[in-house]
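These are my notebook entries on a structure I went through, written down in the order in which I looked things up.

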Amino acid sequence: MSTQLTPILTKFWDHPTSWTLQTYEDNGGYQGLRTALQTDQADLVQMAKDSGLRGRGGAGFPTGLKWSFLPPPDGGPRYLVVNADEAEPGTCKDIPLLMAAPQFLIEGMIITSFAIGCNHAFIYLRGEVAHVHRRVQRAIQEAYAAGYLGKDILGTGFDLDITLHSGAGAYICGEETALLDSLEGRRGQPRLKPPFPAVAGLYARPTVVNNVESIASIAPIAAHGADWFAGMGTEKSQGFGIFSLSGHVTRPGQYEAPLGITLRELLDMAGGIRSGHKLKFWTPGGSSTPIFTDAHLDVPLDFESVAAEGSMLGTRALQIFDETTSVVRAVSRWTDFYAHESCGKCTPCREGTFWLKQIMHRLEAGRGSQDDIDKLVDICDNILGRAFCALGDGATSPITSAVQYFREEFEAGMHTPAAELFPPERSTLFAKESQPA
Amino acid sequence: MSTDAHTDDPLHRYTPLQASEEPYAEDVLAGLRADAAQIIARYPQKRSALLPLLHLVQSVDGYVTGRGVDLCAELLDLTRAEVSGVATFYTQYKRHPNGEYTVGVCTNTLCAVLGGDQIFDEVSEHLGIGHDETTPDGKITLERVECNAACDFAPVVMANWEFFDNQTPESTKKLVDDLRSGAPVAPTRGASRVCTFKQVSRMLAGFEDGLADEGVGAGPASLEGLRIARERGWTAPSPEGSTKDTATDEEKDA
């Protein structure tokens, strides 16, 4: 039996004014909040746990468990910070969600804040998406006007303010402690853990940091129940998620489905690989997750199955590349990205990504030396698990996995430029339209 | 443009913050202080206001000026070095006068492979400028940008952080020509026009520009899954005992 799509967060994205409070309420919005505000706070945390919801930002940590790590209230402030710094290469789910239906996030934030005893929540939104800022600003404003935010929400005595905070172009700020430093007005560099944000987060106060899609999913969970959510997906990876298909597919886009769907099923819906071509390699969850090949078409896209095959589910960012693509070129560019975005705080990542980039560049240019592949793998080995945060680990994923599956292309990098083996113009979507010399 | 050892670096180049010792005019300074007070009031601790304040400085000066750094330092009780340290960490803060429009071509792997590299090269040649350089008329600053979370619309180009989806070298060359000539330009998904760098910087500092209701909710790629679900009559499971509305109620293919 094939897996079916389950439009929940994406359900009314095609409405002409999908982003308004009116459209959201017409589609059942804010029902969950009304129920939640009548529920005991501990029961809401339990609801999140029972639903099986795991962090949708990539790491997959159980959301309810994260909430339960907050120490008991001591009378001081507690914070919810939403990570809307979506910037992992290939990941493109939170930004369209916030553009089309930002009220999901606002409702989820109110419920979560009530559950954890927070009265001031923040949205850290990357700065490079002007229109999404406008939509989120507007959603917050509409929620205040309707009495969902501010003082004495729906007559319950619960107060909540939401502040939208703009980032300024730094991938590292998607790391939760770097995000907190950035929100405190500092350079976005990760903090030593422990203490974890649950104990000492924003302004050293107990803080929950969750991804946009995780918090947005809380709204329908509160409306329909933990069992409803847990009934979807697989035994250990419950619920639904947005799968983002991009690259050499006929119909790239957002496909909301239960966890455990396969790439073969998704490709079938997306019209397959672009006409006349075949799948070469793909990322299951962004560039920081080791690549897969056509041997992995039937791997269920849930946390456990993807991990068992040596990668990570990550953000379900399925970047698809066909046989015209040079894996060396692709990996070289990702390596540029990590070197550019390394915050410089720790030596393995700062120095390691610098050297990885030099080696990848000469392999791409066909000027690699005999021991370059071993050196790449060795440097990766020295970064992985030794960097301060996951950025360094992520930098090694594309390299080690590409060497594993396509070693011969790296070997060719010792004598032949990638552009000669894989002329770049054949990979473009306008291959016929322009005729490069 | 400075020429230093990093000029060949394809991704970023280091230029010092340009000091601007010329003080703000009195009315400009009064406006900045009033706006800054609003920004600072949003946060429990005032240092949190630094990122939006730097966007605010750019909304007036077009880049992070020395006088802007001084003002932030004064308002937040920080040293100039602390403010500069933050300003130089983030790529959206410009260290030298920026063009009226930042045109960023995504050259991260996916967009690059699908055509971003060719778009950047052709537009760069067309304009006669490279990465992080500005046309002599001060209109366009060209950049290579990292993944902008629109991969299903690749290749993607951003103009002052508005989405231009499914680009070609021709469409992007037309985009920069139109921006330079002042012809009306509408993003694929966004407001009905591209605001200036200063206007967008003000919006990012948290001041609304009233354009939220313009443009589409979602582009075609964002709706692919929904379209197929509708076509095939697929819906999320109904919660038991609930009268949850469903868009379609056709028989499900099992």
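I began with the centres of domain 2 and domain 3 of chain A, which are separated by 23 Å when taken over C-alpha atoms. The division I used for chain A has domain 1 at 21–229, domain 2 at 240–322 and domain 3 at 327–422, with bounds that come from an automatic or database domain assignment. Looking at where they touch, I found eight residues of domain 2 of chain A in contact with ten residues of domain 3 of chain A, two residues being in contact if their C-beta atoms, placed from the backbone, lie within 7 Å. The side of domain 2 of chain A that touches domain 3 of chain A has four nonpolar, four polar and no charged residues; here Ala, Val, Leu, Ile, Met, Phe, Trp, Tyr, Cys and Pro count as nonpolar, Asp, Glu, Lys and Arg as charged, and the others, Gly among them, as polar.

I note for the record that this is a predicted model, in which local features need pLDDT of at least 70 and side-chain atom pairs count only at pLDDT 80 or more, while totals for chains, interfaces and linings use all residues. Residues are numbered from 1 along each chain as its sequence is written, and chains are lettered from A and ligands numbered from 1 in the order in which they are written.

Chain A as a whole came next. I find 17 helices and nine strands in chain A, where helices (H or I, at least four residues) and strands (E, at least two) are DSSP runs, numbered from the N terminus. The C-alpha atoms of chain A fill a box of roughly 70 × 45 × 40 Å along the principal axes. The radius of gyration of chain A is 22 Å, which agrees with the value near 22 Å that a compact globule of 437 residues would have; the radius is taken over C-alpha atoms, and the globule rule is 2.2 Å times the number of residues to the power 0.38.

I then turned to helix H13 (residues 327–341) of chain A, which packs against helix H14 (residues 347–364) of chain A at an angle of about 155°, with their axes 9 Å apart. Axes are lines fitted to C-alpha atoms, for helices over the stretch in contact, and angles run from 0 to 180 degrees between N-to-C directions. H13(A) and H14(A) are therefore roughly antiparallel to each other, the word standing for angles over 145 degrees. H13(A) passes H14(A) in a left-handed crossing, that is, one where the near helix is turned anticlockwise from the far one by less than a right angle. The contact of H13(A) with H14(A) has eight nonpolar, four polar and four charged residues by class.

How do H13(A) and H16(A) pack, and at what angle? I read an angle of about 165° between H13(A) and helix H16 (residues 390–412) of chain A, with their axes 10 Å apart, and that makes H13(A) roughly antiparallel to H16(A). The contact of H13(A) with H16(A) has twelve nonpolar, two polar and two charged residues.

Between the chains, I find that 78 residues from chain B and 89 residues from chain A take part in the contact. H5(B) gives the most to the side of chain B that touches chain A, with eight residues. That side of chain B divides into 43 nonpolar, 22 polar and 13 charged residues.

Within chain B, the domain assignment gives domain 1 (1–97) and domain 2 (101–204), and eight residues of domain 1 of chain B are in contact with eight residues of domain 2 of chain B. The axes of H2(B) and H7(B) come within 7 Å and cross at roughly 155°, in a left-handed crossing.

My last entries concern the backbone. Most residues other than glycine have a negative phi, and most peptide bonds are trans. The peptide bond from Lys193(A) to Pro194(A) is cis, with omega near -5°, and Pro194(A) is found in the loop between helix H8 (176–183) and strand E4 (207–211) of chain A. Arg316(A), a residue other than glycine, has a positive phi near 60° and lies in the loop between helix H12 (303–308) and strand E9 (317–322) of chain A.

Key. Parallel < 35°, antiparallel > 145°, perpendicular 65-115°, else oblique.
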